[in-house]
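I set out to look up a few local features of this protein and to note them entry by entry. The sequence and structure are placed below for reference.

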Amino acid sequence: MTTRHYGQVETLTVTLNSALRHGSAGATCSGAGDSHIKSVQRVFIDDDGTYPNNSRYPTLLLQSVFAAGTEHEGARRIVADGQWTSPWSWGIFEYHHYHSKAWELLLCVRGEASVQLGGPSGPTVSIAKGDLVLIPPGVAHKQLNARGGFTLLGAYPTTGFDGSIDTLTGSPTDEERERIKGCYVPSTEPILGFDVRKLCDTESDKS
């Protein structure tokens with residue numbers, strides 16, 4: 001088993017005909033020179049003593065998967081298969097916070113921003129137009145700065161979600177920790193159809 005440190009970022013290369021897409025078996029293949037190659041960053045973040053983060057699932061950043069899309073088209077794609085809620089349109093709170101009730105999907109449809117994950121000691125990632133981010137429950141996130149009218153479409157899985165997301169800023173209660181552990185894992189992301197569990201499955205990665 002691979003040993004990872006707090007805040008470690010790994011890059012996974014996938015193609016549009018990858019076995020990581022929903023309904024395929026096995027792990028990814030990557031073809032050098034394939035014009036449909038996509039880069040997926042996985043950010044591994046454990047409990048830092050204040051923020052629970054998530055030791056089971058990494059935060060996923062799928063880069064440039066919707067670069068030419070509009071906000072209207074992005075909203076349509078998110079709800080098309082009924083697996084994600086109707087999205088809100090905004091940015092990210094400028095303070096460290098997390099959610100205990102659901103995974104959070106963020107699709108950037110305008111501008112760019114620097115976002116810190118995992119709390120004050122966590123890594124910073126860049127999110128730009130066309131990027132899709134999947135944040136597991138418990139993972140702290142904070143917008144540090146933004147440019148170009150930074151706008152996200154945010155949504156949550158329709159399964160196991162009561163329609164009201166929480167926003168937590170401190171150490172979780174025992175009940176909140178249990179809720180984080182029990183959250184439904186979305187089956188696919190809505191833009192390219194990649195299987196979320198397979199993207200997170202670090203033990204079956206192949207190239």
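Is Y156 buried or exposed? I found Y156 to be buried, because its relative accessible area is 7%; buried means under 20%, exposed over 50% and partly exposed in between, with a 1.4 Å probe and protein chains only.

Basis of the entries. I worked from a predicted model, in which local features need pLDDT of at least 70, side-chain atom pairs count only at pLDDT 80 or more, and totals for chains, interfaces and linings use all residues. Residues are numbered from 1 along each chain as its sequence is written, and side-chain values use heavy atoms, with hydrogens and water left out.

Aromatic pairs. I noted five aromatic pairs in the structure. For F93 and Y95, the ring centres are 5.1 Å apart and the planes lie at 10 degrees, so this pair is stacked. Rings of Phe, Tyr and Trp (its six-membered ring) pair if their centres lie within 6.5 Å; planes under 30 degrees apart count as stacked, over 60 as edge-to-face and the rest as tilted. F93 is partly exposed at 30% relative accessibility, and Y95 is also partly exposed, at 38%. F161 counts as buried, at 16%. I also recorded one aromatic cluster, formed by W90, F93 and Y95.

Nonpolar cores. I looked up the largest nonpolar core and found 26 residues, with L60, L62, L105, L107 and L199 having the most contacts inside it. Such a core is a set of buried Ala, Val, Leu, Ile, Met, Phe, Trp, Tyr and Cys residues joined through side-chain atoms within 4.5 Å. At least two residues of this core come from each of β1 (8-14), β3, β5 (104-117), β7 (132-135), β8 (141-155) and α3 (196-200). Helices (H or I, at least four residues) and strands (E, at least two) are DSSP runs, numbered from the N terminus. A second, separate core has 16 residues, including C108, V115, V139 and L152. In soluble globular proteins, nonpolar side chains tend to be buried together.

I placed S114 in strand β5, where S114 is buried at 14% relative accessible area. Beyond its neighbours within four places in sequence, S114 is in contact (heavy atoms within 4.5 Å) with residues including T124, V125, K142 and R147.

Second largest pocket. Which residues line the second largest pocket? I listed D46, D47, P52, N53, N54, S55, R56, R177, I180 and K181.

Positive phi values. N53 has phi near 50 degrees, a positive value in a residue other than glycine. I located N53 in the loop between β2 (38-45) and β3, and N53 is buried, at 2% relative accessible area. S64, also not a glycine, has a positive phi near 55 degrees. S64 sits in the loop between β3 and α1 and is partly exposed, at 42%.

A68. I found A68 in the loop between β3 (54-62) and α1 (71-79). A68 is exposed, because its relative accessible area is 79%. The C-alpha atoms of A68 and V109 are separated by 8.9 Å, with the two residues 41 apart along the chain.

Terms used. 1 Å grid on protein atoms, 1.4 Å probe; cavity = no way out; pocket = protein on both sides within 12 Å on 5 of 7 lines; lining within 4 Å.
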